[in-house]
Amino acid sequence: MRKTSAAMQVRLTILALLAVTLVEAAEKTTGVPTNCDLLVIAHRGASGYVPEHTLGAYALAVTMGADYLEPDLVMTSDGHLVARHENEISLSTDVAERPEFLARYKTQTIDTVTATGWFTEDFTLAELKTLRAVERIPAARPGNTRMNKTFEIPTMQEIIDLAKGMQEFTKRPIGIYPEIKHSTHFQRLGLAMERPLVDLLHKNGYKHADSPIMIQSFEVTNLKELKNLTDLRLIQLYGSRGSQPFDQFGHSGLTYGDMSTPSGLRDVAEYAYGVGPDKNYIIPRVDGKLGNATEFVRDAHAAGLKVHPYTFRAENVFLPVEYQSGSLVEGIGDLRGEIEAFVAAGIDGLFADQPDVAAVVRGPCLPSASTVLSVNLYVFALVTSFIVLR
Ligand SMILES: *[C@@H]1O[C@H](CO)[C@@H](O)[C@H](O)[C@H]1NC(C)=O
Ligand SMILES: *[C@@H]1O[C@H](CO)[C@@H](O)[C@H](O)[C@H]1NC(C)=O
Ligand SMILES: *[C@@H]1O[C@H](CO)[C@@H](O)[C@H](O)[C@H]1NC(C)=O
């Protein structure tokens, strides 16, 4: 009896120490403005620094503090999900230099747009694995071209393994925010991605609404189908106001503009957890500068939707003029200032090519390595006390 209460005292002491440490850690950061709920989504990985959609770009994004890695997914001829911005791979790989694949060069219409080049659906995974990634926008990112041909095309499973592996030492969930690209096109080819993606995620233990996964698409029908297939969270992406989701083209008059009205947003909230609009829905540009914020965020929140706009990029060519620096296309401007304007407009998260800049705006919210270490030590001591003092 006495022994039990002594053991309990040791445990209580350890718990008290743990509480004190955590409070101290929290106090260290008080006084610094934080936006700890701001979700940092690494757009194509840390694609501002390393060629996009490579394990190098995704890994760097984790160390920069990203909450979610954002792979765009396309299909191989043998049914594997791989990460590329588009199924046409001449911009993002060295395929054009490979004589063995010359015969696969072709022209086709994808979602009403004619494209010429090499397409992932004409390659097996083994064939795609012989290619190497190159910088997709070399004019804006000349530095990244030094890493041309350094990395392979990653599969979705490899990205999951990377996220789960890095989670081990970051001691925080590393989420994945996959986009299903060209859903209708791949369905027509008999290579629909929805079911294989859900199966892969479920197989890897991502099954619930609170799993660190959000599945995004510019189309509507596939998101509604996904709602029937999984409890994982879904994000409706928005193209320009006048354009239509590809699955609606020729079937309905529905435009993204219709979907951005209060009643349109309520319809989207029937199946989606959040929306991923072009930035212009939130703060349109007027004469190249940021204008006044619209009511989009307020209306989306009223419908119960999170708002994660795209895409935040530090190079001059992408920035509003008042945040540019110098006159070079590839010059680095004040992305932090642009992000702060959008945070003031009420966004819940953002897609950034430089996730480190977004993480600075979020503030010192992640557990520091020393806090993680001391928490681990105390948890270890507590567990040990239960075993030793049993
Ligand atoms: C890297 O790849 C891009 C895109 O194909 C190309 O424009 C650029 O010249 C390449 N740079 C180097 C250094 O290989
Ligand atoms: C989802 O399931 C419901 C109920 O079974 C069904 O009415 C609806 O048509 C399904 N939607 C899609 C897009 O498959
Ligand atoms: C923004 O709103 C203010 C106050 O309503 C107005 O004076 C200004 O002209 C607006 N700016 C733009 C670019 O619409």
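Because the model is predicted, local features need pLDDT of at least 70 and side-chain atom pairs count only at pLDDT 80 or more, while totals for chains, interfaces and linings use all residues. Residues are numbered from 1 along each chain as its sequence is written, and chains are lettered from A and ligands numbered from 1 in the order in which they are written.

**Overall fold**

- The chain holds 13 helices and 15 strands, where helices (H or I, at least four residues) and strands (E, at least two) are DSSP runs numbered from the N terminus.
- Of its 390 residues, 39% count as buried; a residue is buried if 20 or more other C-beta atoms lie within 10 Å of its own, exposed if 12 or fewer, and partly exposed in between, with C-beta atoms placed from the backbone.
- Among contacts in the chain with a separation of 6 or more, 68% join residues 24 or more positions apart, two residues being in contact if their C-beta atoms, placed from the backbone, lie within 7 Å.

- Helix α12 (residues 355-362) is mostly covered, with seven of its eight residues buried, namely Pro355, Asp356, Val357, Ala358, Ala359, Val361 and Arg362.
- The cover over the buried residues of α12 includes β1 (39-43), α2 (55-63), α11 (335-344) and β15 (349-352).
- α11 and α12 pack with their axes 10 Å apart and at an angle of about 50 degrees, where axes are lines fitted to C-alpha atoms, for helices over the stretch in contact, and angles run from 0 to 180 degrees between N-to-C directions.
- That angle makes α11 oblique to α12, since angles under 35 degrees count as roughly parallel, over 145 as roughly antiparallel, 65 to 115 as roughly perpendicular and the rest as oblique.
- The crossing of α11 and α12 is right-handed; a crossing is left-handed if the near helix is turned anticlockwise from the far one by less than a right angle, and right-handed if clockwise.
- On the α11 side the contact is made by Leu335, Arg336, Ile339, Glu340 and Val343, and on the α12 side by Val357, Ala358, Val360 and Val361.
- The residues of this contact divide into seven nonpolar, no polar and two charged, with Ala, Val, Leu, Ile, Met, Phe, Trp, Tyr, Cys and Pro counted as nonpolar, Asp, Glu, Lys and Arg as charged, and the others, Gly among them, as polar.
- Gly363, which follows α12, has a positive phi, near 100 degrees.

**Helix α2 and its partner α4**

- In α2, the residues Ala57, Tyr58, Leu60, Ala61 and Val62 are buried, and the buried residues of this helix pack against β1, β2 (68-70), α4 and α12.
- The axes of α2 and helix α4 (residues 156-170) come within 10 Å and cross at roughly 25 degrees, which means that α2 is roughly parallel to α4.
- α2 passes α4 in a right-handed crossing, and the contact joins Leu55, Tyr58, Ala59 and Val62 of α2 with Glu158, Ile159, Leu162, Met166 and Thr170 of α4.
- By class, the contact of α2 with α4 has seven nonpolar, one polar and one charged residues.
- Just after α2, Gly65 takes a positive phi of about 100 degrees.

**Helices α6 and α7**

- Helix α6 (residues 194-203) and helix α7 (residues 221-229) have axes that come within 10 Å and cross at roughly 35 degrees, and the crossing is right-handed.
- Glu194, Arg195 and Val198 in α6 meet Asn222, Glu225, Leu226 and Leu229 in α7, and by class this contact has three nonpolar, one polar and three charged residues.

**Two single residues**

- Leu39 lies in strand β1 and counts as buried because it has 21 C-beta neighbours inside 10 Å.
- Leaving aside residues up to four places away in sequence, Leu39 touches Asp67, Tyr68, His308, Asp348 and Gly349; Leu39 and His308 are 269 residues apart in sequence and 8.0 Å apart in space, C-alpha to C-alpha.
- Thr261, in the loop between α8 (256-259) and α9 (262-268), counts as exposed because it has 12 C-beta neighbours inside 10 Å.
- The C-alpha atoms of Thr261 and Asp299 are separated by 7.6 Å, although these residues are 38 residues apart along the chain.

**Ligand 1**

- Val134, Glu135, Pro138, Thr145 and Asn148 surround ligand 1, a residue being near a molecule or strand if its C-beta atom, placed from the backbone, lies within 6 Å of it.
- The shell around ligand 1 divides into two nonpolar, two polar and one charged residues.
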